[in-house]
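These are my notebook entries from an afternoon of looking things up.

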Amino acid sequence: MKGIVFPGDGTTVLKDFPEPEPGSGEVVVKVRASGMCGSDLHFYHGAFDFDHSVIQGHEPCGEVYALGVDPARFAVGDRVMIHHYFGCGTCRRCRAGWPQMCETAPGKTMAVHVDGGHAPFALVPASALLPMPEGLSFEAGAAIGCGTGTAWGAIKRLGGVSDTTTVVIGQGPVGLSATMFAASMGARVIAVDVDDRRLAESRRFGADLVVNSRQRDVAEAVAEYTGGRMADVVMETSGRAGDDALAVLGTFGRAVFIGLPGHVQFTTQAVYKKQWTLMTSWTMSSIEQARCADYVVAHNLPVDDLYSHTWTIEQADEAYRWFDKQDAGKGVFLFG
């Protein structure tokens with residue numbers, strides 16, 4: 001089979017790999033959709049350490065194709081999502097659904113340490129699989145596996161956003177997902193970006209106000225919208241606007257920082273009377289991934305509309321050159 005690898009120099013290579021065979025406790029998934037995530041670009045350019053020999057793609061979704069000797073609750077043909085981190089399975093973090101925070105073994109991540117989903121088949125532990133609810137497309141299941149699920153996980157870290165004024169900075173796939181979720185939960189959403197095309201999408205996903213931060217001071221816009229009270233909640237998804245995030249946060253405000261690389265700085269004496277709660281968020285647990293999928297179906301949310309482009313694996317080079325421009329939406333590789 002063919003799989004996409006990154007040499008780390010801003011190019012892709014389509015390489016031959018043997019079709020995987022499942023061992024004990026493993027499952028081979030026939031990949032139906034494999035999303036392109038913004039974090040892929042760090043590896044595409046070699047900015048992060050990773051095994052350059054592994055297949056890329058950490059947002060795969062598909063059907064069970066082959067089972068190992070103890071596959072537990074799955075059967076061939078089951079539609080499944082994948083939680084793309086693998087841990088020991090027995091420590092307290094793994095048992096709570098956080099294998100990426102495994103305490104007893106070096107964690108493994110698809111497309112970083114082991115083969116990912118930019119190929120027709122993916123080999124994963126059975127414990128990494130999650131059943132897909134009826135009504136969820138493979139494309140939506142792929143997005144929930146990281147980008148959309150990351151937005152959901154951040155909202156859960158915040159403790160919810162209902163009946164708040166929520167500022168979402170950055171309107172890429174994660175930010176658009178955050179806008180979509182927050183609006184569906186009853187927040188008044190202010191979407192911030194530097195690209196008017198992305199901001200137009202934000203309106204479609206539920207934003208009440210959009211602000212192009214290249215054209216207007218974000219703090220002034222938020223102050224005008226809120227009557228000077230500023231934001232109850234800020235979600236910073238761009239990794240480049242830590243100052244703006246703090247500038248718009250009101251008293252007793254909560255802010256979550258998601259985007260990488262991210263730089264946040266403040267002087268306690270200047271802000272301690274504001275009683276802020278500041279936090280980071282890293283993707284989501286497997287438990288919340290399943291809840292996110294259920295929520296999307298129950299509320300009929302347009303996750304599929306996050307994708308502006310679909311590609312075949314043979315178009316890998318063109319796809320990543322397009323995605324690297326970061327001037328449009330999200331891409332997905334589809335497999336028959």
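At what angle do helix α4 and helix α5 pack, and how far apart are their axes? I found an angle of about 50° between α4 (residues 147-158) and α5 (residues 173-184), with the axes 8 Å apart. That makes α4 oblique to α5, since angles under 35 degrees count as roughly parallel, over 145 as roughly antiparallel, 65 to 115 as roughly perpendicular and the rest as oblique. I noted the crossing of α4 and α5 as right-handed.

Before going on, I wrote down the ground rules. The model is predicted, with local features needing pLDDT of at least 70 and side-chain atom pairs pLDDT 80 or more, while totals for chains, interfaces and linings use all residues. Residues are numbered from 1 along each chain as its sequence is written, and side-chain values use heavy atoms, without hydrogens and water.

Next I listed the contact of α4 with α5 (heavy atoms within 4.5 Å). On α4 it includes Trp-152 and Ile-155, and on α5 it includes Met-180 and Phe-181. The residues of this contact divide into eight nonpolar, four polar and no charged.

I then turned to α4 and helix α10 (residues 286-298), which pack at an angle of about 105° with their axes 10 Å apart. I therefore put α4 and α10 down as roughly perpendicular to each other. Gly-149, Trp-152 and Lys-156 of α4 meet Glu-288, Arg-291, Cys-292 and Tyr-295 of α10. By class, I have three nonpolar, one polar and three charged residues in the contact of α4 with α10.

My next entry is on the backbone. Most residues other than glycine have a negative phi, and most peptide bonds are trans. I found a positive phi of about 60° at Phe-252, which is not a glycine; Phe-252 sits in strand β14. The peptide bond from Leu-260 to Pro-261 is cis, with omega near 5°. I located Pro-261 in the loop between β14 (249-257) and α9 (268-271).

Last, I asked which strand gives the most to the lining of the second largest pocket. Strand β8 (residues 121-125) does, with five residues. The lining has 18 residues, and Glu-26, Val-114, Asp-115, Leu-123 and Val-124 lie nearest the centre of the pocket. I recorded twelve nonpolar, two polar and four charged residues in this lining.

Notes
On a 1 Å grid over the protein atoms alone, a cavity is a set of points where a 1.4 Å probe fits but cannot get out, and a pocket is an open set with protein on both sides within 12 Å along at least five of seven lines; lining residues have an atom within 4 Å of a point. Helices (H or I, at least four residues) and strands (E, at least two) are DSSP runs, numbered from the N terminus. Ala, Val, Leu, Ile, Met, Phe, Trp, Tyr, Cys and Pro count as nonpolar, Asp, Glu, Lys and Arg as charged, and the others, Gly among them, as polar. Axes are lines fitted to C-alpha atoms, for helices over the stretch in contact, and angles run from 0 to 180 degrees between N-to-C directions. A crossing is left-handed if the near helix is turned anticlockwise from the far one by less than a right angle, and right-handed if clockwise.
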